[in-house]
Structures are given as structure tokens and as C-alpha cells.
Amino acid sequence: MVDTSKITLIDGRKVASDIKKEIADRVSELKKQGKKLPHLAIILVGDDGASTTYVDGKVKACKEVGFHYSLLRFADTISEERLLKHIDQINNDEDIDGFIVQLPLPSRISVEKVTERINPEKDVDGFTNENFGSITSADPHIFPATPFGVMELLRRYNVDTTGKHCVVVGASRLVGAPLSMMLAEQGRATVTICHKYTENLASHTKKADILIVAVGKPGLITGDMVKEGVVVIDVGTTRVEDGSKPRGFSLKGDVDFDTVAPKCAMITPVPGGVGPMTIVSLLMNTLKASEQRTV
Ligand code: NAP
């Protein structure tokens with residue numbers, strides 16, 4: 001067991017709970033003023049266990065803060081054409097402020113086509129090309145949910161990224177790439193992006209003041225790959241078989257906590273770090289989308 005008494009554990013559950021209270025307060029105000037309440041719609045195709053669990057979490061979060069929500073479930077036999085028609089209907093539904101299509105989709109449906117059909121103003125996951133590109137604009141509209149959650153965690157723990165060297169490991173379209181842009185733009189950091197072709201990964205991670213890892217390979221980052229005093233954000237979430245757990249698996253991050261944590265100024269645990277922030281980012285984006293549509 002690691003002695004965590006001298007390390008700051010970044011508590012994503014606590015921050016997420018604080019943000020939910022702030023959003024619930026705002027919803028109460030809107031109610032008192034007789035204004036329209038934010039409405040999130042969620043599309044779920046098929047009955048994949050992990051996707052259903054994520055969607056249940058999103059529905060629960062909407063209920064907690066007082067948002068209206070609609071859950072649209074379709075069999076995994078739905079055609080791409082029909083799914084796109086449903087997306088058009090939601091785009092045109094005046095009451096719905098934001099919506100998401102839970103991924104993954106059946107392989108015969110193009111994620112790119114589906115994502116690009118979403119009206120960017122209602123794209124509260126922040127996946128459309130327009131929202132991705134707007135990160136570097138003067139007035140970004142909606143930030144991608146997981147990177148937004150990471151930035152919010154850093155902000156609420158007073159981690160100033162200005163001029164710091166942030167190393168992002170993982171360059172996916174959903175997490176690593178947009179997060180790197182946000183750290184450079186909004187965070188004014190010097191950013192290094194590493195991916196699977198990066199040679200000598202440790203030579204980069206060792207230079208990080210702030211290290212963010214989003215790969216999906218448990219234990220990729222070990223204690224000898226980081227410097228003393230680093231701030232580590234572990235986005236990785238991989239289900240690993242674990243007979244001691246009631247569900248038969250546990251969640252593992254990309255960072256080997258036992259060897260890395262003793263060298264850190266701050267670190268996120270997995271679970272309980274970035275995970276809870278992704279759902280509240282979705283709520284923050286929905287509130288923003290709603291308020292922008294009703295001004
Ligand atoms: P992804 O699409 O599979 O992307 C993984 C990225 O890691 C890719 O850029 C890949 O490089 C890179 N990579 C692969 N092997 C590498 C290596 N050995 N060294 C350095 N980089 C390597 O996954 P994702 O959607 O970004 O998700 C990443 C992790 O975050 C997963 O564990 C996922 O479950 C988790 N996640 C968590 C949350 C949350 O709310 N907590 C949200 C989203 C994702 P290439 O681009 O070259 O292939």
C-alpha cells in the first residue's frame with residue numbers, strides 16, 4: 001500500500017458532486033423564474049452492457065440536477081439511414097438543448113456520419129468537427145466532455161498550467177488530441193503529445209510538470225518514467241478481470257499507482273478521478289447549450 005498522506009489525491013467524485021450542486025442551484029433559479037429547463041436526449045443503440053451502464057449514469061445525473069431528459073433506445077439492427085433521420089428529428093426538436101449518441105455503434109454504422117449529422121450547437125459531447133476546430137477559436141462553443149473534465153479538475157485544484165510543460169500520452173480524437181489543444185490554448189502550457197509511434201516514451205514523460213495519460217493500457221507509466229513533484233492525471237479506464245469484485249472486474253488506469261504516486265505532488269486515482277468528471281462535463285455543456293439557445 002502506498003502512503004498517500006503526503007500526496008494530494010485529486011478527488012474527482014468530490015469535485016463532480018460540487019459541480020452537480022452548482023448546476024442544481026442554477027436549475028432551481030431557472031424554475032423560479034419560470035424559464036425553460038435544460039433538456040438532454042441520449043440515443044442508445046443495442047444493449048451492450050458497458051454502454052447501458054454509462055447511459056444509466058447519465059440519466060441518473062440528469063435526474064440529480066433536475067434536467068429534463070429523453071432516452072431513445074434502438075435495436076442494434078437499426079439502419080444508418082433511420083438513425084440519421086432520428087438525429088434530424090432531434091436537431092429540429094425545439095425543446096431538446098443537447099444530445100449524445102452513445103458509442104460504440106454497430107460497425108456497419110459510420111460514427112463519422114452520425115457525429116457530423118449532429119447540430120454542433122446541440123453536440124454536448126463536443127465530438128463534431130466544428131466543435132473540435134472551435135477549441136482554437138476566440139470563442140469556443142462546446143468543449144469535448146472528457147478533456148473539459150480534466151481541465152476543470154486542474155482548475156479546481158489550482159494547478160496553474162501557464163508556461164508549464166504538459167505531456168499528453170495518447171492522441172485520440174476523443175481525448176488526447178483535443179486535450180492537448182486545450183492545454184496549449186486555454187491552459188497556455190507548452191505541450192508534448194505522445195502516441196504509439198513515439199520513440200523512447202520515458203524520455204518525454206520524465207520532463208513533464210503535468211503528465212496526462214489517456215491510452216487504455218494498464219500500468220503503461222511506471223515510477224521510473226516520471227520526475228519528483230509531477231502532477232499526474234490518469235484518464236485510462238480498462239476493465240481487468242478480478243474475481244474478488246462482485247461484478248468480476250476492476251477498473252485500472254494507465255498509471256502504475258504504487259510506483260508513480262510516491263513521486264507525485266498530485267495524482268488522480270482510478271476509479272474516482274477523471275471518470276466522474278466526464279458526466280458532469282456533459283451536464284455543464286447541456287446547461288451552456290440551453291442558456292445559449294434561450295438568450
Ligand atoms: P483510443 O481511441 O484507443 O486512443 C488511445 C491513444 O493512445 C491513441 O492515440 C494511441 O495512439 C495511443 N497509444 C496506444 N498505445 C500507446 C503507447 N504504447 N504509448 C503511447 N500512446 C499509445 O482511446 P481513448 O478513447 O482516447 O481512451 C483512452 C483511455 O481513456 C481508455 O482507457 C478509455 O477507457 C479512457 N477514457 C476514460 C474516460 C473517462 O471518463 N474516465 C473517457 C474517455 C476515455 P495512435 O493514435 O497512434 O493509435
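Glu-152 and Arg-156 form a salt bridge, with 2.9 Å between the closest N and O atoms. This is a predicted model, in which local features need pLDDT of at least 70 and side-chain atom pairs count only at pLDDT 80 or more, while totals for chains, interfaces and linings use all residues. Residues are numbered from 1 along each chain as its sequence is written, and side-chain values use heavy atoms, with hydrogens and water left out.

Me: Why is the pair Glu-152 and Arg-156 called a salt bridge?
Reply: The term requires a side-chain nitrogen of Lys or Arg within 4 Å of a carboxyl oxygen of Asp or Glu. For Glu-152 and Arg-156 the closest N and O atoms are 2.9 Å apart, so the pair qualifies.

Me: What separates Glu-152 and Arg-156 in helix H6?
Reply: About one helical turn, because the two are four residues apart in helix H6 (residues 145-156). Helices are DSSP runs of H or I with at least four residues, numbered from the N terminus.

Me: What makes Glu-152 buried or exposed?
Reply: Buried means under 20% relative accessible area, exposed over 50% and partly exposed in between (1.4 Å probe, protein chains only). Glu-152 has 8%, so Glu-152 counts as buried. Arg-156, with 28%, is partly exposed.

Me: Which residues are linked with Glu-152 in a network of salt bridges?
Reply: Glu-22, Arg-155 and Arg-156 are linked with Glu-152 in that network.

Me: Which parts does the salt bridge between Glu-80 and Lys-113 tie together?
Reply: The closest N and O atoms of Glu-80 and Lys-113 are 2.9 Å apart. Glu-80 lies in helix H3 (residues 80-92) and Lys-113 in helix H4 (residues 111-117), so the pair ties together parts that are 33 residues apart in sequence. Glu-80, at 16%, counts as buried, whereas Lys-113, at 47%, is partly exposed.
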